[in-house]
Every structure is written in C-alpha cells, then in structure tokens.
Amino acid sequence: DQTFVLLADWAPDQVTMTHADALVELFFRYVRGHGPVGLRDFAGWTGLTLTDTRVAAAGNEGRVVPLRTDAGELWATTGLTDRLRGEDLPPHAVVALPGFDEFVLGFKDRSLQLPPGSFERVVPGGNGMFRATVAADGLAVATWKRTLKPGRVIVEVEPLAAPPDPTDLDAAFAPYGHFLGRQVEVRQAG
C-alpha cells in the first residue's frame, strides 16, 4: 500500500535558503559526511561546477578547513580535525559495506579508499557495478559476496590488500547475519 503525506506535516520546520546559502550548506554536509574530501569529489557528486564548489568552500570559513596531503588539498570539518588532533582516538573497526556504498561511490578520486590497482576488482569491467567491500582503517581491503543456504549465509571474502584478522571479519558480518536471521560463515578466498 502507498501512503501519502504532506511534507509540512512530517517536516514542519522548513528552511528557505538563497542559492548561495544552499551551496554553502550542501558543501558543509558533504564534507561532514565524506571528509576529508577534494573539491573535485564534491563537484562530481553534486554535478556542480568547480566555480560553484569553490564559492561553497569559501563560504564555510570556520566550519571546514583545507588540509595539505600527499593526495593534494582535501577539506575536512573543524570538528574532524579537532578529533584527529586528540589522543584518545578509538581504533577503526572492520566493517562490511554493501555494493554502491558511499565509502567508495561518493568520491571521484578513490585513491584514498582503494589499494593501488584494485579498482577493476571493485568495479569489474568499469561498468558502474560496484561490488560489496570490507573496509579496515579507512581502506577497502576486500570484496565480498554471499550465498544463501537454509538457515545460514556463506560470505566469501576476496582480499584486495592484507586481509583483516578472521575474528574481525566475523564481527563485521555478525550484524548482517542477525539482519538475515541466519548464521554467518565467513570464508576467505585464495
């Protein structure tokens, strides 16, 4: 069944923005969700010009900062840079991500997310079909696929780089098994 609602009933506190203010806010939200990120990533994700992108970045003074990195200039929120300067950073979890996840898809330059030479294995044939990945410490370290069996799901993990510890892989896929209501069996290919 379809249900229709009035936007004003479900989201009554609408904000009206000028075009310039909307660009600034969109850039901030993209950087907050994807950062550190390059200007070309934002332009590619939104379809905006680099001119509009630079205007949006400049309008976020005090909320985002440019970082000089080996990968070029990347932008991050001031909150992220404050956290990175802190000494109590939690360890990065190993996470199982679906195909088409923003972790890889949300960037024009994927060199920070993928090990060198692995793009073809994540996007076979370069046809836009992104395989599911496993990420560890901010890097896609494997792809994965599933096979459903009665009462269980077999997850086959194919490493792109040094594979995570099997215990970490089991922990990464446990929520998936719970969601499916099946036992998970993780196997590493090769």
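Modeller: Let's start at a turn: in the hairpin of strand 5 and strand 6, Gly 151 takes a positive phi near 75 degrees, and there are 2 residues between the strands. Before going on, bear in mind that this is a predicted model, where local features need pLDDT of at least 70 and side-chain atom pairs count only at pLDDT 80 or more, while totals for chains, interfaces and linings use all residues. Residues are numbered from 1 along each chain as its sequence is written, and side-chain values use heavy atoms, with hydrogens and water left out.

Strand 5 covers residues 139–149 and strand 6 covers residues 152–159, and they run antiparallel to each other over 8 bridges. (Strands here are DSSP runs of E with at least two residues, helices are runs of H or I with at least four, and both are numbered from the N terminus; two strands pair if DSSP finds at least two bridges between them.) Across this pairing, Lys 145 sits opposite Glu 156 of strand 6, and Ala 142 has Pro 159 in strand 6 as its bridge partner.

Strand 6 also pairs with strand 7 (residues 183–188), this time in the parallel sense, over 6 bridges. Val 155 faces Val 186 of strand 7 there. To get from strand 6 to strand 7 the chain passes through helix 8 (residues 166–180), and this β-α-β crossover is right-handed. Right-handed means that, with the strands pointing away from the viewer, the path from the first strand over the helix to the second runs clockwise.

Back to strand 5, which has another partner to look at. Strand 4 (residues 132–136) pairs with strand 5 in the antiparallel sense over 5 bridges. Ala 136 stands opposite Leu 139 of strand 5. The hairpin of strand 4 and strand 5 has 2 residues between the strands, and in it Asp 137 takes a positive phi near 55 degrees. If you're tracing side chains by eye, remember that in a regular strand they alternate between the two faces of the sheet.

Next, a couple of spots in the helices. Val 104 belongs to helix 6 (residues 102–105). Val 104 has a relative accessible area of 5%, so it is buried; the cut-offs are under 20% for buried, over 50% for exposed and partly exposed in between, with a 1.4 Å probe and protein chains only. Not counting residues up to four places away in sequence, Val 104 touches Arg 110, Leu 114, Val 122 and Phe 130, where contact means heavy atoms within 4.5 Å. Between the C-alpha atoms of Val 104 and Ala 174, which are 70 residues apart along the chain, the separation is 22 Å.

Glu 25, in helix 2 (residues 19–34), counts as buried because its relative accessibility is 18%. Leaving aside neighbours within four places in sequence, Glu 25 is in contact with Met 17 and Arg 63.

As for the whole protein, there are 8 helices and 7 strands, and the C-alpha trace spans about 55 × 50 × 40 Å along its principal axes. Buried residues make up 31% of the 190 residues.
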